[in-house]
Amino acid sequence: MKRRTLLLLAAVMALAVALAGCGPLSALLTQDFDASKYVKGILDCTYLGEYADYMETTNATEEEAAAAYEGGLEAEAYYLASYLGFVDYYDSDAMDSDLRSEMIEFYRAAYQNSRYEVGEAVKSDSGFTVEVTIEPIDLFSAAIDELNSYITELEESLNAGVFAEMTEEEFYYEYASGMMAICEAHDDDPPHLEPVTLAILVTQDEDGLYTISDSDFQRIDAEMIYYP
């Protein structure tokens, strides 16, 4: 499970709880609520760094929307560290701040290739159903053979004692920076896979606020970028 899912939804839920005690909630609690715009706002904020619909449908400030976007980028970078096998290094104080920033910027650029369409909301007894069609970004398939070759070569060098004088932190920096260099060499205009359409439920919680579930956001997030 990607940490970003929990970060973003925690921010959305915390905002909803805060709003519950703040008087009128605009369209969040009225028949004028636009479920389609609400879902699109979350996706625009998460993947494109565009906040207008998110701010309008959640009453978030620009600072809160920006914090959600930046938190999502960092969490995706954390997931990449897990995917590439240096997550323990990412979590440590020894993680080079420039390398962490490089990984975050890698996703900032990658997300600009996001392709999705949000359909019209269909009302039901339980809330709304909104279809989201995503063309997954195939960000890593072109690099996978090179990444595997790099790992093999690094293991051979490690076994041959090439890195004997390095600290563990220095070795992981060598490894992580090499992996990122390969990824970045293949991130220009990545291809997209065949569209996937998901039915997303927007339902009211016990306070009457409309939300999408954690599991539905996970489904969206799992499709946005393809990890081979």
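Is Asp221 buried or exposed at its computed relative accessibility? In this predicted model, Asp221 has a relative accessibility of 2% and therefore counts as buried, since the cut-off for that class is under 20%. The legends below take this residue as their starting point.

View 1. Asp221 is placed in helix 9, where its side chain makes a polar contact of 2.7 Å with the side chain of Tyr47. Tyr47 is also a member of one aromatic cluster, which it forms together with Tyr79, Tyr83, Phe106, Tyr107, Tyr111, Phe140 and Tyr227.

View 2. The closest N and O atoms of Asp216 and Arg219 are 2.7 Å apart, and the two residues form a salt bridge, one of a total of 7 in the structure. Both residues belong to helix 9, which spans residues 214-224, and they are separated by 3 residues, or about one turn of the helix. Asp216 counts as buried because its relative accessibility is 8%, whereas Arg219, with a relative accessible area of 34%, is partly exposed.

**View 3. Lys40, Asp44 and Asp53, joined by salt bridges.** Through salt bridges that share partners, Lys40, Asp44 and Asp53 are joined into one network. Within this group, Lys40 bridges to Asp44 with 2.6 Å between the closest N and O atoms, and both of these residues lie in helix 2 (residues 35-48), 4 residues apart, about one turn of the helix. Asp44 has a relative accessibility of 6% and so counts as buried, while Lys40, at 34%, counts as partly exposed.

**View 4. Arg115 and Glu135, a salt bridge between two strands.** The side chains of Arg115 and Glu135 meet in a salt bridge with an N to O distance of 3.2 Å. Because Arg115 lies in strand 1 (residues 115-124) and Glu135 in strand 2 (residues 127-135), the pair ties together parts that are 20 residues apart in sequence. Arg115 is partly exposed, with a relative accessible area of 42%, and Glu135 is likewise partly exposed, with 27%.

**View 5. The largest nonpolar core and the surroundings of Val202.** The largest nonpolar core holds 62 residues, of which Phe86, Tyr107, Phe140 and Val202 touch the most other members. Helix 4, covering residues 62-84, gives the most to this core, with 9 residues. When neighbours within four places in sequence are left aside, the residues in contact with Val202 include Phe33, Tyr38, Phe128 and Tyr210, and among them are also Ala35, Val39, Val130 and Ile212.

View 6. Phe128 and Tyr210 are both buried, and Lys123 lies over the face of Phe128, at 5.2 Å from the ring centre.

Definitions and conventions: Residues are numbered from 1 along each chain as its sequence is written. This is a predicted model: local features need pLDDT of at least 70, side-chain atom pairs count only at pLDDT 80 or more; totals for chains, interfaces and linings use all residues. Side-chain values use heavy atoms; hydrogens and water are left out. A salt bridge is a side-chain nitrogen of Lys or Arg within 4 Å of a carboxyl oxygen of Asp or Glu. Buried means under 20% relative accessible area, exposed over 50%, partly exposed in between (1.4 Å probe, protein chains only). A polar contact is a pair of N or O atoms within 3.5 Å; within protein, one must be able to donate a hydrogen and the other to accept it, and residues adjacent in sequence count only if both atoms are side-chain atoms. A nonpolar core is a set of buried Ala, Val, Leu, Ile, Met, Phe, Trp, Tyr and Cys residues joined through side-chain atoms within 4.5 Å. Contact means heavy atoms within 4.5 Å. Rings of Phe, Tyr and Trp (its six-membered ring) pair if their centres lie within 6.5 Å; planes under 30 degrees apart count as stacked, over 60 as edge-to-face and the rest as tilted. A charge sits over a ring if NZ of Lys or CZ of Arg is within 6 Å of the ring centre and within 35 degrees of the ring normal.
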